Amino acid sequence: MINLSKLLAITIALSTVNAHSQDNCNNEFFNSVLPSNASSLGTYHVPANGSFGQAADIAYPINATNLPALCAVIVNVTSSATSSYTFGLFLPEDWNQRFIAVGNGGFSGGINWLSMGSVVPYGFATLSTSTGHNSTGQDMTWALNNPESKADWGYRAMHGSVVLGKQLTSAYYSKKLCYSYYAGCSTGGKQGMKEVQKYPSDFDGVLIGAPAWWSTHQQLWQLTVGIINLPEGSPSYIPYSMFPFISNEVLRQCDASDGVLDTIIMDPKKCNFRPQALLCHPGQNTSTCLSPEQIKTWEALHRPIAAINNTFVYPNFELGSDAQIPGSFGVYGTNAPSLYGTSYVQNYILDDASWDWKTYNYSVVEIADALNPGSTNAADFDISPFYERGGKLLHYHGLADGLIPTGASELLYNNYLYNMSAKGIKLDDFYRFFLVPGMQHCSGSVGNAPWYMGGVQTIQGVYGVPGFRDREHDAILALMAWVEKDVAPEHIIPTKWKNDTDPSQGVLRQRPICKFPAEAMYVGHGNVNASSSWKCVAQA
């Protein structure tokens, strides 16, 4: 029988806490908690089903919507005599006594309100940092001759924001945090890996997608692949419009490599692809085929990048990533590589806005590695301190990623494996890596492959995995179950919706992704679009 008096007492207590925390939603309260180098720029009461954001955050101008009732606060922190950063914090009325920080993307500066809105409905106090500047994803002019801002973007703004965000959260609710989490992809993935390596006490659980962890090589790789497909209009140049045709041919040849024709390439490495099938024949429309010179360009894009002396620089595009590869090139008509490469060298590495990309050679890679401005690389492979404090790490990467090659994550995993094994630490005990067949960079997919796992994979106004809010389908809940209940995930089941902007229209496909190096295999019967028709099989 329900004890009504106890239930009433609990209800009154929760109401008192909520009322007390609401009373704290003002600048005066937050400034009383913050140190002297930080101040509250504004506080806002957001009603249930309300929205919030800042158009001034030019990389993240879209409001978070369908929010729970919460207090939003924006804080400015002076990080040096010449730099500062801001962070946003959502403090929901219905708080789960947990904290989460979300990451950024590209070179973007600004508070990532949209990603915050994707995770605050779980009940988290939710934070995003501006990283110390306000810019779009490919603009790095803010870094020119500005070492302090480089440090903010490289690591300092995230860590500093998290420390203060936790303090504000505990003070706001007059309660200690039970657990702290992180979720981010791409640059956000790199930010999370940097936290694991440099500040292992910041988070209990970390969810990381497609991390740009080796920044000095990732950005120079994008410069290199851009140069490979230049100049525009040359015999070797592959027009951007050709890549969908290439993608379709890769899918045609590789789809059955796993024994199932379903428009999903489960393991690109098992496909013996022949690009010569795209070779133009006499009289053929050249907009739908490749010349011998163009085939050589395609082959170069799918080889690891190495220096003249055969020094490894970075992995290659995976088979099946072709549809997204133009995203790593420069804007058509500029006849130049992506700003992800050129702006990075000019403003972040060399502090020389006049540097000409045509002079690029391996010496730039050597300079970048020697300087590592802002200590941005997340390349410390000894993560035993994170393990020793009980931290848990989930890491995923799409096999059709055309912006950060999947091999970069495999390289990172192996480096962790070598380091932890040498210390007698079993990697599986705290770190699990998942490859996602068909998934592109952080979201979306080729061939209608399942990709959505909740968390910071943002669908406007949606949180979690509607209809499947459990640890099998939702990566955030999988991470929480591992951290809080010691239930380690052997697999996660991503979803492909019939309409990726409106999950209410129903599920098209679901399929498990497996703890690396295991792979999902069809059991031989049943609907190939149902997760129950697949099982994880260990690879030799």
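Let me begin with the second largest pocket, in which about 280 Å³ of space lies. Of the 18 residues that line this second largest pocket, Asp267, Leu435, Pro517, Ala518 and Glu519 are the closest to its centre. Strand 17 (513-514) and strand 18 (519-522) each give at least two residues to that lining, and by class the lining has 13 nonpolar, 1 polar and 4 charged residues.

Before I go on, please keep in mind that this is a predicted model, in which local features need pLDDT of at least 70 and side-chain atom pairs count only at pLDDT 80 or more, while totals for chains, interfaces and linings use all residues. Residues are numbered from 1 along each chain as its sequence is written, and side-chain values use heavy atoms, with hydrogens and water left out.

Some terms need their rules. The search runs on a 1 Å grid over the protein atoms alone, and a pocket is an open set of points where a 1.4 Å probe fits, with protein on both sides within 12 Å along at least five of seven lines, while lining residues have an atom within 4 Å of a point. A volume is the space filled by probe spheres set on the points, and grid points are joined across faces, edges and corners. For the classes, Ala, Val, Leu, Ile, Met, Phe, Trp, Tyr, Cys and Pro count as nonpolar, Asp, Glu, Lys and Arg as charged, and the others, Gly among them, as polar. Helices (H or I, at least four residues) and strands (E, at least two) are DSSP runs, numbered from the N terminus.

Now to the largest pocket, whose volume is about 750 Å³. Which residues lie nearest its centre? They are Asn104, Gly105, Cys185, Ser186 and Cys442, out of 39 residues that line the largest pocket. At least two lining residues come from each of helix 3 (113-119), strand 8 (179-185), helix 5 (187-198) and helix 6 (215-228), and helix 6 supplies the largest share, 4 residues. By class, this lining of the largest pocket has 17 nonpolar, 21 polar and 1 charged residues.

The link of cysteine 185 and cysteine 442 is left-handed, with -95° about the S-S bond. This pair links distant parts of the chain, 257 residues apart, with cysteine 185 in strand 8 and cysteine 442 in the loop between strand 13 (431-436) and helix 13 (475-485). Buried or exposed, how does cysteine 185 count? Cysteine 185 counts as buried because its relative accessibility is 11%, the rule being that buried means under 20% relative accessible area, exposed over 50%, and partly exposed in between (1.4 Å probe, protein chains only). Cysteine 442 is buried too, with a relative accessible area of 14%.

A further disulfide joins cysteine 254 to cysteine 271, with S to S at 2.0 Å. The torsion about its S-S bond is about -70°, so this disulfide of cysteine 254 and cysteine 271 is left-handed. Cysteine 254 sits in helix 7 (residues 243-254) and cysteine 271 in the loop between helix 7 and helix 8 (292-301), 17 residues apart, and both cysteines are buried.

Cysteine 514 and cysteine 536 form another disulfide, with S to S at 2.1 Å, and that link is left-handed, with -90° about the S-S bond. Cysteine 514 lies in strand 17 and cysteine 536 in strand 19 (residues 534-537), 22 residues apart. Cysteine 514 is buried, at a relative accessible area of 4%, whereas cysteine 536 is partly exposed, at 35%. With bonded cysteines counted along the chain, the disulfides follow the pattern 1-2, 3-8, 4-5, 6-7, 9-10.

Finally, please look at helix 4 (residues 147-173), whose 27 residues reach 37 Å from first C-alpha to last, close to the 39 Å expected at 1.5 Å a residue, where the expected span is 1.5 Å times one less than the number of residues. Where does helix 4 bend? The bend, about 65°, is at tryptophan 153, taken as the angle between axes fitted to the seven residues ending there and the seven starting there. Helix 4 is mostly covered, with 19 of its 27 residues buried, and just after it serine 174 takes a positive phi of about 55°.

Methods
A disulfide is a pair of cysteine sulfur atoms within 2.5 Å.
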